[in-house]
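Trainee: I would like to learn how to read a few features of a structure that is new to me. Could you take me through them one at a time?

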Amino acid sequence: MLGRRLVSTAIVGLWAACLHGSEVARALVIGEPVLVRDINSQPLVVSSQPQDIVDFAGRAYFVASDGDLIGLWRSDGLPAGTELVARIGTGSSPTDSFLSILGQRLVFVGRSGAEGQELWSSDGTTAGTGVLADVRDGPLGSFPSDLTTSGDRLFFVADDGISGRELWVSDGTSVGTRRVRDIVEGAAGSLPTFLTAYDGGVAFVASGDGTGDELWFSDGSADGTRLVRDILVGSQGANPSGLVVANDVVFFSADDGENGAELWRSDATADGTVLVEDIREGEVGSDPLSLVRVGERVFFSADDGENGEELWVSDGSSAGTRLVADLGEGSVGSVPLFLFDFDGTLLFSADLDVGGRELWRSDGTPEGTSLVADLRPGAASSRPLGFVNLDGVVLFSAQTDGEGVELWRSDGSGAGTELVRDIREGAASSAPARFVAVDGEVLFAANDGSTGVELWASDGSTDGTRQVANIAADDAVASSFPAGLTPLGGDVYFVADDGVTGLELWRSDGSADGTELVADVNPDGDAFSGFVSIVRYDDVLVFAADGGDLGVELWRSDGTADGTRMIADIREGPQGSFPGSLTVHDGEVFFVADDGERGPELWRTDGTEAGTAIVRDVREGPIGSFPGFPASIGGQLFFIADDGVLGLELYITNGSDEGTRLVDDINPEGGAFPVPGFLFFTELDGDIVFGADDGTNGNELWRSDGTAAGTEMIRDVFSGPESSTPSFLRNVNGRLFFVADDGIRDQELFVSNGTDAGTRRVADINPFGSAFGFFTFFFSFAAVDQQVFLAADDGDRGVELWRSDGSEAGTALVREINPGPAGSFPAFLTPSSGRTTVFQACDAAFGCELWESDGSEAGTRRLTDLAAADRSSSPNGITVVGDTIYFVADADESGTELWSVQREFCPGDCGGDGAVAVSELVRAVTIALGTNKVERCLDADANGDGEVAINELIRGVRSALNGCPSAPPS
């Protein structure tokens with residue numbers, strides 16, 4: 001009786017409230033896309049971003065973009081002599097092409113639609129430029145990297161699709177391009193790095209079968225490719241790094257498991273590979289960095305445990321290895337960086353607490369080590385870097401208060417150190433970079449503030465410093481590129497660039513006037529990079545940002561400028577701790593950060609400096625355990641980490657050191673989790689469910705309650721040692737949906753109740769092959785009501801939108817959005833009104849635009865057409881806040897900006913018939929009161945949080961009074 005009275009009273013009150021406020025209620029306009037605000041209306045400057053500049057046959061060759069196409073360019077230093085040689089890719093941002101010289105040809109990495117990213121070569125002409133070797137058949141490409149010339153051959157790393165990433169060699173011909181040796185058989189690859197020309201071949205670092213990363217040498221033949229020495233026996237590896245050749249040996253840093261990371265040398269034989277000096281006694285190691293050859297000696301930075309990170313020198317002997325000078329007081333040190341051989345003298349930057357990071361020189365003795373010039377007096381730093389030698393004068397970039405980051409020159413003396421030219425006048429920076437000496441000049445990339453990042457040249461004088469050419473034509477439409485959309489308090493917060501302050505934190509209530517900059521976190525540049533990490537924590541946001549002098553650290557914001565501040569400077573100095581993997585758990589934010597001493601480890605914060613601390617140093621020493629994929633499940637925080645002994649395994653924590661422990665050594669022979677790759681963790685009945693490899697059954701489906709006894713494989717989907725590689729794990733009302741390969745039907749949709757018997761394939765969507773391949777991997781699933789929406793390929797119609805309720809009969813194509821075999825590639829699937837999903841899809845007529853679907857063909861329609869003709873607005877960052885869908889799109893008039901559209905749903909309509917009856921209001925109220933948790937009313941829950949609040953009930957009553965909002969025709 002009491003329950004009925006409460007319900008009746010609530011409905012009458014709500015009805016009265018809605019009648020009273022109906023005249024001032026905001027009208028919903030559904031399906032009308034609205035530009036929230038053109039945040040960046042500055043004239044757009046398109047940059048060609050020249051890189052990989054080399055001197056070839058008396059001309060400068062480089063890679064740049066004209067705004068649409070990435071090409072190989074050449075220049076004689078004059079605008080008329082700067083021309084495109086050949087197209088080698090598409091896009092506006094050139095990637096590293098590793099432009100290298102091999103005899104009379106250039107060899108580099110290019111991309112085409114047919115071959116993908118492969119090895120190319122050029123004789124400097126258009127006709128003579130093309131694919132050198134198609135290492136991996138098909139459009140995926142082998143992604144060559146680390147191109148290194150040694151003698152008359154080129155060594156590089158590539159993946160042929162069979163052997164994984166391994167070492168390859170080329171003599172400049174297609175026939176003479178081959179894999180050197182399959183060091184690790186199978187698709188895993190040995191992942192060679194640090195390729196260094198030595199003795200007619202290459203010294204490099206690779207991970208062999210059971211050895212971990214160790215030093216290898218290759219003369220270009222299979223038999224001549226060998227492990228030099230297994231410095232640290234076992235799967236962990238000594239992790240050699242910083243390889244440099246001097247005095248006929250290879251110097252490098254390595255950790256033998258007893259002395260920590262120290263300086264080693266090798267003549268490419270086991271007996272000739274020895275520890276040079278144990279600079280810091282004990283297991284921690286001195287961690288030698290920035291190794292550079294000067295004459296027959298090697299300079300580097302190291303920390304002996306007493307003086308901090310300082311400058312050291314070695315001739316390869318223990319006696320000849322010594323501290324050059326203790327420049328920085330205390331145990332932190334001066335942290336020498338950018339070590340450079342300047343005609344037999346070392347130039348470098350060092351950071352002193354009093355004078356900041358400035359230009360220094362050294363001849364290897366204490367008395368011969370001195371400050372060259374304090375370009376930015378006081379505690380601030382000029383940060384000199386990018387040194388290049390031009391006929392006895394070094395050119396570099398440095399920052400001053402009046403000029404920003406500009407071009408400087410020095411002859412090694414204070415009097416001979418001066419500004420060459422303030423390319424971008426005033427305090428703004430032209431940020432010159434990628435310096436290369438070519439035919440009596442230095443070519444580099446710089447931004448004059450008018451034409452963007454373009455190619456420049458300098459002979460070291462003011463008048464002789466000029467722009468070579470403006471390769472990328474400017475455009476009238478600028479973009480703010482919003483990213484990281486995060487709801488908080490009814491607003492959406494995001495990162496955007498207004499063209500003035502750089503990438504900073506913004507917020508919006510959906511109106512132009514209500515869209516504003518929260519705070520200019522970094523007044524000197526961008527607070528955010530391309531990767532944005534933001535989480536909502538109680539009533540604030542916690543995020544990683546670069547405040548300027550302190551590097552990327554952990555920040556918080558309450559939505560006001562005064563309430564936006566750094567939480568803690570975890571790594572002192574300009575390098576930053578780079579917080580990532582932010583996860584809210586048990587009233588705190590957990591994250592991964594590197595404090596400069598312990599490497600990347602798991603941290604936690606309550607939003608205060610005092611409440612920010614490392615959880616546990618899982619892997620002692622400077623390497624770190626690289627925790628990843630933290631997941632708050634069943635009241636516990638799970639994550640993966642590598643303690644340096646067991647490999648990547650599953651851990652659990654309650655936020656304390658003693659409460660952080662290994663769950664189980666799932667794979668006793670190595671790590672249980674792939675590196676790199678995407679891991680998919682989800683919850684099922686309070687347990688964590690994931691894919692893992694136990695070393696026997698391959699990568700299969702597992703679950704854990706946080707104990708070793710409660711950690712078990714659910715099912716060996718692909719029987720035997722092969723992997724089913726479960727991915728896209730989604731819990732939909734107590735059932736687990738995922739994608740796996742059972743060895744019979746390739747990648748298909750599966751469902752599980754968490755038991756072996758209850759795990760089965762849902763349907764064979766693609767009888768001809770895999771339903772989930774390369775083009776669906778990044779497009780995730782959306783769980784809506786009792787089913788999942790997914791992007792899948794049935795082998796006939798390409799990648800299209802599908803839905804499934806977990807049964808074969810209930811798994812079907814929703815709509816063929818782009819008829820034919822091409823597919824529409826649904827992406828960024830996002831649950832919307834409780835019964836629909838919003839996503840990006842592409843068709844031949846309209847390009848890639850915003851779509852919505854309720855799971856039926858008739859209810860699947862395009863919401864926007866923001867770009868003319870078949871040009872795509874490419875909506876992404878789809879975020880639902882209340883009854884509004886926010887997204888980022890590239891429209892013709894505004895560029896890439898923040899847009900919004902009203903959700904299509906009828907508040908309070910439990911039955912989905914487009915009307916709200918009194919019985920549905922009663923049902924919604926009982927759910928709100930908590931007296932009927934079994935019944936569900938999807939459209940009564942306006943914000944999708946699983947509960948029905950008073951304001952949501954008011955919306956339902958308005959629908960009953962005024963009728964449901966009408967949707968525009970599809």
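The dialogue below turns to a disulfide, a nonpolar core and some paired strands.

Mentor: Please keep in mind that this is a predicted model, in which local features need pLDDT of at least 70 and side-chain atom pairs count only at pLDDT 80 or more, while totals for chains, interfaces and linings use all residues. Residues are numbered from 1 along each chain as its sequence is written, and side-chain values use heavy atoms, with hydrogens and water left out.

Trainee: Which residues does a disulfide join here?

Mentor: A disulfide is a pair of cysteine sulfur atoms within 2.5 Å. A search of the whole structure finds 1 disulfide, and it joins Cys842 to Cys848, with an S to S distance of 2.0 Å. The torsion about the S-S bond of Cys842 and Cys848 is about 100°, so this disulfide is right-handed.

Trainee: Is Cys842 buried or exposed?

Mentor: Buried means under 20% relative accessible area, exposed means over 50%, and partly exposed lies in between, with a 1.4 Å probe and protein chains only. Cys842 has 14% relative accessibility and therefore counts as buried, and Cys848, at 14% relative accessibility, counts as buried too.

Trainee: Which residues have the most contacts inside the largest nonpolar core?

Mentor: In soluble globular proteins, nonpolar side chains tend to be buried together. A nonpolar core is a set of buried Ala, Val, Leu, Ile, Met, Phe, Trp, Tyr and Cys residues joined through side-chain atoms within 4.5 Å. The largest one here has 27 residues, and those with the most contacts inside it are Phe772 and Leu790. The largest share of this core, 5 residues, comes from strand 59, where strands are DSSP runs (E, at least two residues) numbered from the N terminus. Counting contact as heavy atoms within 4.5 Å, and leaving out residues up to four places away in sequence, Phe772 touches Leu790, Val739 and Phe781, among others.

Trainee: What is the bridge partner of Leu790 in strand 64?

Mentor: That partner is Trp802, and strand 63 and strand 64 (residues 799–804) pair in the antiparallel sense over 6 bridges. Strand 63 itself is mostly covered, with 6 of its 7 residues buried.

Key: Helix = DSSP H or I, 4+ residues; strand = E, 2+ residues; numbered from the N terminus. Pairing = 2+ DSSP bridges.
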